[in-house]
Amino acid sequence: MVQVVSPTLSAKEAYTPGLPREFVAERFGIAIDDVAKLGSAENPFGASPKARAAIEGAPLKLDIYPEWSSQLLRTAIARKYGFDPSSVVCGAGETEVISFVLRAFSAPGDAVLMYEPCFPIYHIFAENENRVPVYVPMGPDFDLVVDRYIATLRAGRPKVAFITNPHSPSGRLMAEADIRRICEAAGKETLVVLDEAYIHFTETTGGIELTRDFANLIVLRTFSKAFGLAGLRIGFGIAANAELIRPLLNIKPTWNMGHAQVLGGVAAIEDDEHVRKTVKLIVDMRAYVAERLAGLNRFRMVPGSRSNFFLLEVLDPTLDSTKVFDELLRRGVIVKDGSVSFRGLGDRYLRIDVSLQKHMDRLIWAVKDIESGISSR
Ligand SMILES: Cc1ncc(COP(=O)(O)O)c(C=O)c1O
């Protein structure tokens, strides 16, 4: 038997993805369109129509290798933000770019800083590569406690420091002044990685411009959320300091992006209409669901999310997040069980997407049904 060389890989935890609609429809006999899929933070309106048209209308040369650096897409992204193409690297989703960053800017044994809880890919990839995750605990109601983050950064001198803005799973937004403070504290020893996967939903412009002020800052974004292209797999890193991008281009698998990804991304980055429509729905529905989930006894929506998901806290001590996850599933609602999906989140929280009103109504009904079922037990 061929041996796995890395001791961390042999004992590795796999990523726990959200469940597909088909599973719940079949298991509980619910019409597939009625299943509320609220566990993967996908776009409720689907793919950017411009991206779809660009891919379907193009004579894709499927037998010919793509250009290795995705130059067309790098140029389109750079133009959008007023940067040079040398400031952009593309990956098969932001997830792939995270792996390039970790491998290029840290070595085995180096510390990598992140909040706890956080997007699990940071610590899963760090551990796969023998890096050492260092966790910054969050405050009450997922306060970002930036002073604590900076103190841990100064004490631990990590090589890479992740910030997710808005944070996942809480949706909390970090102020630009705090990002500046972190970049200053990071100095020359630490690369600050600002993951803006969900930035559109905050209705702020985000931190790309900040990279002009800080040579140690890279911003990562994805096409999976506001652009609705999670299945196509496109993400990018952008930094005014092109010296941060060069090693990422060198480390990436040579032909990591196919023709369809490049064409779809070039079209989507200019699809402002799809993004605008999506953001409006999310902002409206975030308020809609907050209003209707207020005043429950066994559950509480954690306030302060600026993203396309929020945390639901389980207050009833006879329940935990896994029991509520199962109860929601039986009622045709798929969410993320915090105890399974986010290290350190504990067993009192579920992460739930904001989506179409029809799905929000099913969620609200299901939560209230569980609440009343418990109270009449
Ligand atoms: C915080 C965060 N960053 C990055 C990603 C990855 O996005 P992609 O689909 O581009 O790999 C996700 C996906 O859920 C995420 O939650």
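Which residues of the largest nonpolar core touch the most other members? The model is predicted: local features need pLDDT of at least 70, side-chain atom pairs count only at pLDDT 80 or more, and totals for chains, interfaces and linings use all residues. Residues are numbered from 1 along each chain as its sequence is written.

Within this core of 68 residues, Val101, Val160, Ala161, Phe162, Val192, Val193 and Ile218 touch the most other members. A nonpolar core is a set of buried Ala, Val, Leu, Ile, Met, Phe, Trp, Tyr and Cys residues joined through C-beta atoms within 7 Å; buried denotes 20 or more other C-beta atoms within 10 Å of a residue's own, with C-beta atoms placed from the backbone. Helix α5 (residues 94–105) gives the most to the core, namely six residues. Another core, of 36 residues, lies apart from it and includes Phe310, Leu311, Val314 and Leu345.

Strand β8 (residues 235–238) is covered on both faces, with Gly235 and Gly237 buried on one side and Phe236 and Ile238 buried on the other. Helices (H or I, at least four residues) and strands (E, at least two) are DSSP runs, numbered from the N terminus.

| Partner of β8 | Sense | Bridges |
|---|---|---|
| β2 (residues 88–91) | antiparallel | four |
| β7 (residues 217–222) | antiparallel | four |

In these pairings, Val88 stands opposite Ile238, and Arg221 stands opposite Phe236.

Notes: A residue is buried if 20 or more other C-beta atoms lie within 10 Å of its own, exposed if 12 or fewer, and partly exposed in between; C-beta atoms are placed from the backbone. Two strands pair if DSSP finds at least two bridges between them.
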